[in-house]
Amino acid sequence: MSFNLERTIKDIFSKEDNKFRYLLTKYLDMLFKWHEINNIVSSSDNDYVIKREIYDSYLLNNYLKGNSYTDIGSGGGIPGIVISILNPDKEVILIDRKSTYIDFLTLAKAELNLKNTKVVQRDVLKTESAFSTDVVLLKNFSNKTISKMSYESKFVYLMQMIKKSEQVSKAYMLTGSPVLKLSRECLREFSVNTQVITSPFFETKRIVAEVKFENTINS
Ligand SMILES: C[S@@+](CC[C@H](N)C(=O)[O-])C[C@H]1O[C@@H](n2cnc3c(N)ncnc32)[C@H](O)[C@@H]1O
């Protein structure tokens with residue numbers, strides 16, 4: 001059977017209301033069309049993107065605590081747009097440094113009428129301005145500066161960068177099993193709580209790592 005977006009969303013998100021399914025379908029329709037030209041998601045297999053990237057982002061929402069979220073390296077809006085649709089009363093900021101993503105995110109925000117959402121073009125590793133939300137989200141954040149680092153070095157580098165923002169009390173990273181092998185030294189520096197999320201679609205499990213920062217306004 002050929003891929004049908006509406007039917008796939010209806011089947012997978014049967015427990016959610018019509019509004020959620022409508023907005024998600026609209027978002028994914030835009031995302032997949034943009035991807036054909038600008039390559040903005042990790043795979044061209046739409047069924048895989050929904051079952052892995054979107055469904056895992058949907059599950060991530062169950063673990064989030066906090067009132068406002070910044071998704072850094074948001075790319076095509078994963079997980080930020082899913083979190084925004086699920087939390088219309090919470091502020092969501094989507095940050096990326098590349099214009100292609102920013103153009104897409106700006107259009108998606110307008111088309112979905114996401115009044116809670118702000119799109120910001122910024123290089124988070126270069127600029128000194130602080131994050132203004134109490135939570136930072138990350139999924140597959142990577143670039144040339146950090147891609148050659150070991151998993152742990154990258155983790156420490158990113159958490160040290162996020163921690164500089166006094167407003168931020170927690171970071172949530174949707175990640176893979178290497179987070180379960182962080183060294184004692186790293187776990188002494190950061191308070192990390194991990195939860196394995198079980199996907200009904202894949203055997204490979206993803207992990208939600210919650211990192212709490214001390215000495216912050218909101219902790
Ligand atoms: C592998 S993609 C992941 C996108 C999305 N989070 C996902 O999981 O599909 C990494 C994203 O991080 C962005 N990025 C990399 N370095 C960045 C930086 N220093 N500041 C802001 N965004 C950055 C890239 O432009 C890209 O969109």
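The following legends describe close-up views of a predicted model. In this model, local features require a pLDDT of at least 70 and side-chain atom pairs count only at pLDDT 80 or more, whereas totals for chains, interfaces and linings use all residues. Residues are numbered from 1 along each chain as its sequence is written.

**View 1. The open, mixed sheet of seven strands.** The strand order is S3-S2-S1-S4-S5-S7-S6; strands (E, at least two residues) and helices (H or I, at least four residues) are DSSP runs numbered from the N terminus, and two strands pair if DSSP finds at least two bridges between them. Strand S3 (117–121) and strand S6 (191–197) each have a single partner strand, so one side of each edge strand lacks a neighbour in the sheet. On average, neighbouring strands are turned by 20° against each other, direction ignored. Axes are lines fitted to C-alpha atoms, for helices over the stretch in contact, and angles run from 0 to 180 degrees between N-to-C directions.

**View 2. Strand S1 and its partners S2 and S4.** Strand S1 (residues 68–72) runs parallel to strand S4 (residues 135–139), to which four bridges join it. Within this pairing, Asp71 has Leu137 as its bridge partner. Five bridges connect S1 with S2, again in parallel, and Ile72 stands opposite Ile95 in S2. Strand S2 (residues 91–96) is largely enclosed by the rest of the structure, because five of its six residues are buried. A residue is buried if 20 or more other C-beta atoms lie within 10 Å of its own, exposed if 12 or fewer, and partly exposed in between, with C-beta atoms placed from the backbone.

**View 3. Packing of helix H2 against helix H5.** Helix H2 (residues 18–38) and helix H5 (residues 99–112) pack at about 155°, their axes lying 10 Å apart. The two helices are therefore roughly antiparallel (angles under 35 degrees count as roughly parallel, over 145 as roughly antiparallel, 65 to 115 as roughly perpendicular and the rest as oblique). Leu23, Lys26, Tyr27, Met30, Trp34 and Asn38 of H2 meet Thr100, Phe104, Leu107, Ala108, Glu111 and Leu112 of H5, contact being defined by C-beta atoms, placed from the backbone, within 7 Å. This contact comprises eight nonpolar, two polar and two charged residues; Ala, Val, Leu, Ile, Met, Phe, Trp, Tyr, Cys and Pro count as nonpolar, Asp, Glu, Lys and Arg as charged, and the others, Gly among them, as polar.

**View 4. Packing of helix H1 against helix H2.** Helix H1 (residues 5–12) packs on H2 at about 140°, with 10 Å between the axes. H1 is thus oblique to H2. Leu5, Glu6, Ile9 and Lys10 in H1 meet Arg21, Leu24, Thr25, Leu28 and Asp29 in H2. By class, the contact has four nonpolar, one polar and four charged residues.

**View 5. Ser191 in strand S6.** Ser191 is partly exposed, having 13 other C-beta atoms within 10 Å. Beyond its neighbours within four places in sequence, Ser191 contacts Val211 and Lys212. Ser191 and Glu210, 19 residues apart in sequence, have a C-alpha to C-alpha separation of 8.1 Å.

View 6. Most residues other than glycine have a negative phi, and most peptide bonds are trans.

How values were computed
Contact = placed C-beta atoms within 7 Å.
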